[in-house]
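Subject: Structure handover

Hello,

Please find the structure below, with notes on what turned up in it.

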Amino acid sequence: MTDPSSSDPEGGSGAIDAAAGRLLGAHASGVPCEPVRDLITTADEAYAVQDRLTARWLRDGRRLTGRKIGLTSAAVQDQLGVASPDFGMLFADMAVPDGAEIPPGAVLQPRAEAEVALVLDGDLPHERHTVADLIRATAFALPAIEIVGSRVRDWDITLADTVADNASSGMYVLGARPVPLADVDLRLCGMVLERRGEQLSTGNGAACLGHPLNAALWLADTLARLGRPLRAGDTVLTGALGPVVPAAPGDVFEARIDGLGDVRVAFGKEES
């Protein structure tokens, strides 16, 4: 995988360019596209497409704020028919304030999932980190709702499709009360995701690769080996704690995570 800050979205193989172009078209038009697995098949090719998109968006002025880890829970893997984690980019314009409303159409085919977010105040530059390295580099944890979305029609995705599509990133919402890691057990913390009081998804920290810190370690090691390590100030969405649920205009979601508190987001209704 290449460095997205230096890769040329107009260069490289024709198949990777074509896949990037298909996804960019869906992003710009708001109309989901066909899967890209007819153009690419391997994870390396899919991340090359993701790099093309990232480079393009950086050139357009978007600002990176961190990374998201996807496909960490068995429930989500079962839903999507995959068996390995992936990662994608977080940009500043994807961040939604706690309790705010997401405009209709802002995320294609949106779904919601509750996660633990980590905010770093130290770099993670090593090819192999320890839990102690990660704890020392983490300023605090927050409850989060990730709004995943897919530019691919009907969520008809394989691993290659979702990786290429920036790991099906959409938007994310962070809680506003930072909690030091010493004050919460992230492995045992229970999670409830509700829609207007109706319980839709439950889980706990152990559903995220056994522990949210395990997921963050995987990401830190992977990015360091690629030569673009996590840095102080980065936000890391560590992965879903339970099943992902569909979102529709007018929905209001609230996630509560033991020891971290709650976080809320609403979806705006279509204008009549």
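**Two loops**

Ala-167 sits in the loop that runs between α5 (159-164) and β7 (171-174); helices (H or I, at least four residues) and strands (E, at least two) are DSSP runs, numbered from the N terminus. This is a predicted model, in which local features need pLDDT of at least 70 and side-chain atom pairs count only at pLDDT 80 or more, while totals for chains, interfaces and linings use all residues. Residues are numbered from 1 along each chain as its sequence is written, and side-chain values use heavy atoms, with hydrogens and water left out.

Most residues other than glycine have a negative phi. Ala-167 has a positive one, near 55°. Ala-167 counts as buried because its relative accessibility is 4% (buried means under 20% relative accessible area, exposed over 50%, partly exposed in between, with a 1.4 Å probe and protein chains only).

Ser-168 is in the loop between α5 and β7. With a relative accessible area of 4%, Ser-168 is buried. Its contacts (heavy atoms within 4.5 Å), not counting residues up to four places away in sequence, are Lys-68, Val-148, Gly-149, Arg-151, Trp-155, Ile-157 and Thr-162.

Arg-196 also has a positive phi, near 50°, and is found in the loop between β8 and β9. Is Arg-196 buried or exposed? Its relative accessibility is 62%, so Arg-196 counts as exposed.

**Sheet and core**

Five strands form an open sheet in the order β4-β13-β12-β8-β9, and the pairing is mixed. Two strands pair if DSSP finds at least two bridges between them. At the edges are β4 (101-102) and β9 (198-204), each of which pairs on one side only. Strands β8 (residues 190-195) and β12 (residues 252-257) run antiparallel and are joined by five bridges. Opposite Leu-193 stands Ala-255 in β12.

The largest nonpolar core holds 79 residues (such a core is a set of buried Ala, Val, Leu, Ile, Met, Phe, Trp, Tyr and Cys residues joined through side-chain atoms within 4.5 Å). Leu-118, Ile-145, Ile-147, Phe-253 and Val-265 have the most contacts inside this core. Leaving out residues up to four places away in sequence, Val-265 touches residues including Val-96, Ile-102, Val-173 and Asp-251.

**Pocket and cavities**

The search used a 1 Å grid over the protein atoms alone: a cavity is a set of points where a 1.4 Å probe fits but cannot get out, a pocket is an open set with protein on both sides within 12 Å along at least five of seven lines, and lining residues have an atom within 4 Å of a point. Grid points are joined across faces, edges and corners, and a volume is the space filled by probe spheres set on the points.

The largest pocket has a volume of about 290 Å³. Its lining has 16 residues, and His-27, Arg-62, Ala-106, Arg-151 and Gly-170 lie nearest the centre.

Helix α1 (14-29) and helix α2 (43-59) each supply at least two of the lining residues, and α1 gives the most, with three.

Regards
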